[in-house]
Amino acid sequence: MATSQQVEVDGRELKLTNLDKVLYPKASFSKGEVVDYYAKVAPAIVPHLAGRALTLRRFPEGVDDTEAAFFEKRCPKHRPEWVKTATVEAGPRAGDIDFCVCEDRPTLVWMAQLAAIELHPSLSLAKAPDRPTVLAFDLDPGAPADILDCCRVGLRLRELFDHFDLQSFAKTSGSKGLQIYVPLNNDAVTYEAEGEDGEGTKPLARAIAQLLEKQTPKEVVSKMKKVERKGKVFVDWSQNHRRKTTIAVYSLRARERPTVSTPVTWDEVKRALERDDPDSLAFEAADVLERIDEHGDLFAPVLELKQELPEL
Amino acid sequence: MARAIWSGSISFGLLNVPVKLYSAVARRGISLREIRESDGARIRHRRVAEGTEEEVPYEKIVKAYEITKDRYIPLAKSELEALAPEKSRAIEVKDFVDLEEIDPIYFDSPYYLGPADGAERAYSLLARAMEASGKVAIARFVFRNKEHLAAIRPTDGVLTLTTMRFADEVVPPDELEDVLPAETPKVAKREVEMAEQLIESLTRGFDPGAYRDEYREELLAMIERKAAGEEVVVAPVDEGEPTKAPDLMAALEQSIAEAQGKRDGGARKPAARKKPARAKKPAAKKRSSSRAKAKSSK
């Protein structure tokens with residue numbers, strides 16, 4: 001059924017097509033519902049995307065057809081003229097790429113119309129691609145480890161940052177893991193350390209991951225290799241790189257159900273652990289909209305808080 | 001436990017030793033995938049009929065022999081199968097020869113032979129007898145639909161089997177006479193002596209472990225560095241970089257220990273988390289006091 005309709009979103013004209021196409025077959029979640037979710041979550045997600053080069057992960061044939069899915073760094077040529085882009089150097093071979101930049105609801109809806117289910121922004125702003133605004137850790141459980149194991153590691157990270165008087169924030173990856181963000185919003189910070197006492201997020205993140213691994217080698221692994229991850233939490237420090245992206249807070253994930261990368265409070269993390277309840281940290285599109293109504297944007301401080309990297 | 005890739009028996013005369021064949025080579029190549037440079041999309045190869053975009057399913061594809069350009073003799077799978085050598089489970093020993101007689105150019109792939117269940121005694125007996133005679137068995141056997149020639153050798157009670165090339169598979173040097181020397185040009189005796197001396201000085205016992213596939217190691221190292229987010233443009237490896245990380249980790253560890261010491265000693269444990277005052281501070285660098293602040297703000 002090829003349905004097509006012209007809509008107006010915040011004064012912008014948009015054509016939406018195939019809204020009844022089911023993108024999440026196991027949850028019967030349609031493209032219309034994806035568009036609806038992004039339209040509603042716009043006030044919360046847009047500030048986290050604004051000014052950042054965005055990589056889209058598109059699923060034109062739904063989440064189950066990963067063959068048809070693809071990452072798209074180059075902002076599609078057929079975009080409306082009002083969609084903003086930013087030119088960022090994407091590597092010695094890829095050269096400069098015009099990335100999409102999302103600063104408003106119409107752009108978000110247009111991306112949803114492209115079946116861009118997952119939004120992966122840079123950790124830095126496009127105007128300063130060498131300066132991360134956060135230090136990020138992606139805690140990825142290797143089965144049979146699960147999100148509760150990630151919670152344990154997450155709490156240790158929080159405690160570690162406590163020692164340095166730094167606030168940290170947690171969000172679910174929307175998939176299997178947990179991600180910890182330390183807001184920086186500080187011009188002195190770069191990804192790579194420069195000189196002896198540079199302020200690199202990457203070397204620091206790596207050292208922290210190695211320290212966790214050293215303290216509890218049975219629970220934590222800091223190396224990439226898949227084989228070593230079994231039953232452990234992989235503390236992925238390597239996302240702290242100018243060319244890497246991390247799933248956006250409030251982005252849908254292409255899992256069986258329309259789960260969302262959702263900010264959680266440290267109390268919720270502790271409670272999930274105490275009650276041995278991993279499901280309490282799984283949120284779908286509708287849950288997330290409710291949570292935002294109730295708590296507002298728990299991740300707002302990640303954009304505002306200015307913090308310094310610890311001096312070692 | 002290693003998995004046998006073939007089983008049968010070594011037979012010669014009245015002797016029959018049931019054995020299993022195991023690969024002696026760990027394939028350590030690195031398989032690389034193809035992706036589109038711009039966005040990392042996987043490249044799929046599709047079988048299409050030439051001149052069209054039509055994809056041809058696997059079961060519709062047959063092999064053919066090209067007799068002249070664009071003229072093919074198709075060979076059905078059933079026809080090829082009918083020709084395959086009769087499946088036999090015997091490694092038939094034809095002759096015993098001295099190892100030195102075999103030019104290594106004939107050797108192909110190495111395997112281990114292990115005893116089949118219950119044949120351990122016969123296997124050991126054969127291995128010991130061959131070791132005592134110092135001979136290599138030349139045998140024929142059918143493996144993977146192909147007739148093979150093989151050399152069986154004992155080493156420390158274990159039989160190894162090395163498949164061999166048939167004589168007509170090896171190119172004789174005179175077929176390459178335009179590039180390989182056919183007759184010996186005159187060389188000065190002194191030069192030969194010098195070369196011999198050089199060879200002598202480089203002669204040592206053969207240690208296979210002394211030679212490694214450095215290309216493979218470098219490729220792996222490069223992949224790891226790239227996976228770790230480092231942009232790798234040229235090959236040279238900065239030796240200083242890898243050692244830096246552990247130092248930073250040690251510094252981190254020490255720094256935390258100090259912070260802990262201060263807390264446990266002087267100040268109270270942090271109770272409720274409140275926003276530290278410095279959070280709103282501009283990003284000016286005042287590093288010397290940052291550790292002290294960790295305490296004072298609580």
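**A walk through chains A and B**

What covers the buried residues of helix 2 of chain A includes strand 1 (4-9), strand 2 (12-17), helix 1, strand 5 (54-58), strand 8 (96-101) and strand 9 (116-121) of chain A; here helices (H or I, at least four residues) and strands (E, at least two) are DSSP runs, numbered from the N terminus. This is a predicted model, in which local features need pLDDT of at least 70 and side-chain atom pairs count only at pLDDT 80 or more, while totals for chains, interfaces and linings use all residues. Residues are numbered from 1 along each chain as its sequence is written, and chains are lettered from A and ligands numbered from 1 in the order in which they are written.

Helix 2 of chain A is mostly covered, with 8 of its 9 residues buried, where a residue is buried if 20 or more other C-beta atoms lie within 10 Å of its own, exposed if 12 or fewer, and partly exposed in between, the C-beta atoms being placed from the backbone. Those buried residues are R105(A), P106(A), T107(A), L108(A), V109(A), W110(A), M111(A) and A112(A). After helix 2 of chain A comes A115(A), whose phi is positive, near 60°. In chain A as a whole, there are 7 helices and 15 strands, and 49% of the 312 residues count as buried.

Two packed helices are described by the angle between their axes and the distance between the axes. The axes of helix 1 (residues 31-49) of chain A and helix 2 (residues 105-113) of chain A come within 9 Å and cross at roughly 145°; axes are lines fitted to C-alpha atoms, for helices over the stretch in contact, and angles run from 0 to 180 degrees between N-to-C directions. On the side of helix 1 of chain A, the residues V34(A), V35(A), Y38(A), A39(A), A42(A), I45(A) and V46(A) meet R105(A), L108(A), V109(A), A112(A) and Q113(A) in helix 2 of chain A, two residues being in contact if their C-beta atoms, placed from the backbone, lie within 7 Å.

Helix 1 of chain A also packs with another helix: its axis and that of helix 6 (residues 285-295) of chain A come within 10 Å and cross at roughly 30°. That angle makes helix 1 of chain A roughly parallel to helix 6 of chain A, since angles under 35 degrees count as roughly parallel, over 145 as roughly antiparallel, 65 to 115 as roughly perpendicular and the rest as oblique. Y37(A), K40(A), V41(A) and A44(A) of helix 1 of chain A make this contact with A285(A), V288(A), L289(A) and I292(A) of helix 6 of chain A.

In chain B, 7 strands close into a barrel in the order 1-2-6-9-8-7-5, with mixed pairing, and two strands pair if DSSP finds at least two bridges between them. The twist averages 40° from one strand to the next. Strand 1 (residues 6-12) of chain B pairs with strand 5 (residues 90-97) of chain B in the parallel sense over 3 bridges, and the bridge partner of S9(B) in strand 5 of chain B is A90(B).

Strand 3 of chain B pairs with strand 4 (residues 71-75) of chain B in the antiparallel sense over 5 bridges, and K63(B) stands opposite L75(B) in strand 4 of chain B. These two strands of chain B form a hairpin with 2 residues between them, and D70(B) in the turn has a positive phi of about 60°.
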